[in-house]
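Here is a short report on a two-chain model. Keep the sequence and the 3D view open as you read.

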Amino acid sequence: MIGLKTIVRKAFNLFVDDVLMTMAVLLWLIMVWLLLPWIFVPATWWGVIEFLGLAVILTVSVLHHARPR
Amino acid sequence: MFFDWTQAGPTIVAAFLASMVEFIEALTVVLAVGTVRGWRGTLLGGGVAVGSLLFVVALLGSALTRIPLDAIRVVVGTLVLLFGLRWLHKAILRGAGIIARHDEAAIYTRQQQALRGMTGNAGRWDKVAFVLAFKSVILEGTEVVFIVIALAAGGTGLLWPASMGALAALAVVGLLGLLVHRPLSRVPENTLKFVVGVLLSAFGTFWTGEGLGVVWPGHDWAIGGLVAGYLTVAVIAVVLCRRRVGAGRQTSTGVES
């Protein structure tokens, strides 16, 4: 019937399509977590910074796929 | 049953739209199997799969209520964020014409052709029909289960709104399938995926931020701002991708001529 491999692959594919984008998102979240408390930015701006980083990652990733070949 | 509608409202909408996309994909296979192999095994396979998925949601959902939310918010938020960005990424590329759109009618025809070539006992009790229907509903339904559980994990009392959204989608798709008896190829799947991608990315960003210590201006209302933000970014990204591909085509045509 449905092999364990299929389920694992399906579960992985739920979150990862472009490995580079996934890595960039995770790295950015780690940076937000570790670095923002040390930078003198009011806490209410952290969310905006988090969002802007993610928006840049998404845009760069889709533009990379839209490269003329 | 009282909900905080600032979170429950978007949760119902996100669960409904995301589940609808998955159920439409499952319906295409179920219809193809049913029309070629007969309905008894097909409906039983699909029904057993839906029952199994409901059992998993009930099991994980009740476990979820016993876990402190703050402990899992970062993990769930990150997963929802990755899931949402993946959908949005694909929807942007489809919107820009870089990857092909999902064509339910073509999938339906392909499935029917493949099924006609299969041997086995098509008739009163068809094991092949049961297995194929079960498999397609379970595989698409796994995503629905994840969406419901992840959305439910975002805040206290969100399991019901998330489940209601998914069940409403199942009812709508099931009813439409029963009425039209054809794959729902007229439903704008890419637009749905685009909207769901925006909603889930916004939820994921909000919850991850909360888990990482971000103080959101306007608290839960910040989700609306994030939705508007992602929508703007995604629309701009589609335009930029179209221009980039168009510029590439013009250049290559210029070189060739």
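## The interface between the chains

In this predicted model, chain B and chain A bury about 3500 Å² between them. Carbon and sulfur atoms account for 81% of that area. In chain B, the residues that lose the most area to chain A are His89(B), Leu212(B) and Arg244(B). Together they make up 19% of what that side buries. The size of an interface is often given in this way, as the accessible area lost when the parts come together.

Now count residues. On one side, 40 residues of chain B are in contact, and they meet 35 residues of chain A.

## What holds the contact side of chain B

How many salt bridges are there between chain B and chain A? The count is 0. Polar contact is found for 2 residue pairs between chain B and chain A, both at pLDDT 80 or more.

Four elements of chain B give two or more residues to the side that touches chain A: helix 3 (69-95), helix 5 (127-152), helix 7 (189-212) and helix 8 (222-256). Helix 3 of chain B gives the largest share, 12 residues. By class, the side of chain B that touches chain A divides into 26 nonpolar, 8 polar and 6 charged residues.

## The fold of chain B

Chain B has 8 helices and 0 strands. Along the sequence, the pattern reads α-α-α-α-α-α-α-α. The C-alpha trace of chain B spans about 65 × 60 × 25 Å along its principal axes.

## Salt bridges

Over all chains, the count comes to 2 salt bridges. One pair to find is Glu25(B) and Lys193(B), which form a salt bridge with their closest N and O atoms 3.2 Å apart. Why does this pair tie together parts that are 168 residues apart in sequence? Glu25(B) lies in helix 1 of chain B and Lys193(B) lies in helix 7 of chain B, so the pair links those parts.

## The largest pocket

Next, look for empty space. Rolling a probe the size of a water molecule over the atoms shows where such space is left. The largest pocket holds about 400 Å³ of space. Its lining has 18 residues, and the closest to the centre of the pocket are Leu27(B), Val30(B), Leu43(B), Leu170(B) and Gly174(B).

Which helices of chain B supply at least two residues each to this lining? They are helix 1 (5-37), helix 2 (39-64) and helix 6 (159-180). Helix 2 of chain B supplies the largest share, 6 residues. The lining of the largest pocket has 12 nonpolar residues, 6 polar residues and no charged residues.

## The largest cavity

A search of the whole structure for cavities of 30 Å³ or more finds 1. The largest cavity has a volume of about 40 Å³. From chain A, its lining takes Phe15(A), Asp17(A), Asp18(A), Met21(A), Thr22(A) and Val25(A). From chain B, the lining takes Leu82(B), Leu85(B) and Arg86(B).

Two elements give two or more residues to the lining of the largest cavity: helix 2 (19-35) of chain A and helix 3 of chain B. Helix 3 of chain B is also the element with the largest share of the side that touches chain A. The lining of the largest pocket, by contrast, has no charged residues.

Methods:
Residues are numbered from 1 along each chain as its sequence is written. Chains are lettered from A and ligands numbered from 1 in the order in which they are written. This is a predicted model: local features need pLDDT of at least 70, side-chain atom pairs count only at pLDDT 80 or more; totals for chains, interfaces and linings use all residues. Side-chain values use heavy atoms; hydrogens and water are left out. On a 1 Å grid over the protein atoms alone, a cavity is a set of points where a 1.4 Å probe fits but cannot get out, and a pocket is an open set with protein on both sides within 12 Å along at least five of seven lines; lining residues have an atom within 4 Å of a point. Grid points are joined across faces, edges and corners, and a volume is the space filled by probe spheres set on the points. Ala, Val, Leu, Ile, Met, Phe, Trp, Tyr, Cys and Pro count as nonpolar, Asp, Glu, Lys and Arg as charged, and the others, Gly among them, as polar. Contact means heavy atoms within 4.5 Å. Buried area is the accessible area (1.4 Å probe) that two parts lose on being put together, summed over both. A salt bridge is a side-chain nitrogen of Lys or Arg within 4 Å of a carboxyl oxygen of Asp or Glu. A polar contact is a pair of N or O atoms within 3.5 Å; within protein, one must be able to donate a hydrogen and the other to accept it, and residues adjacent in sequence count only if both atoms are side-chain atoms.
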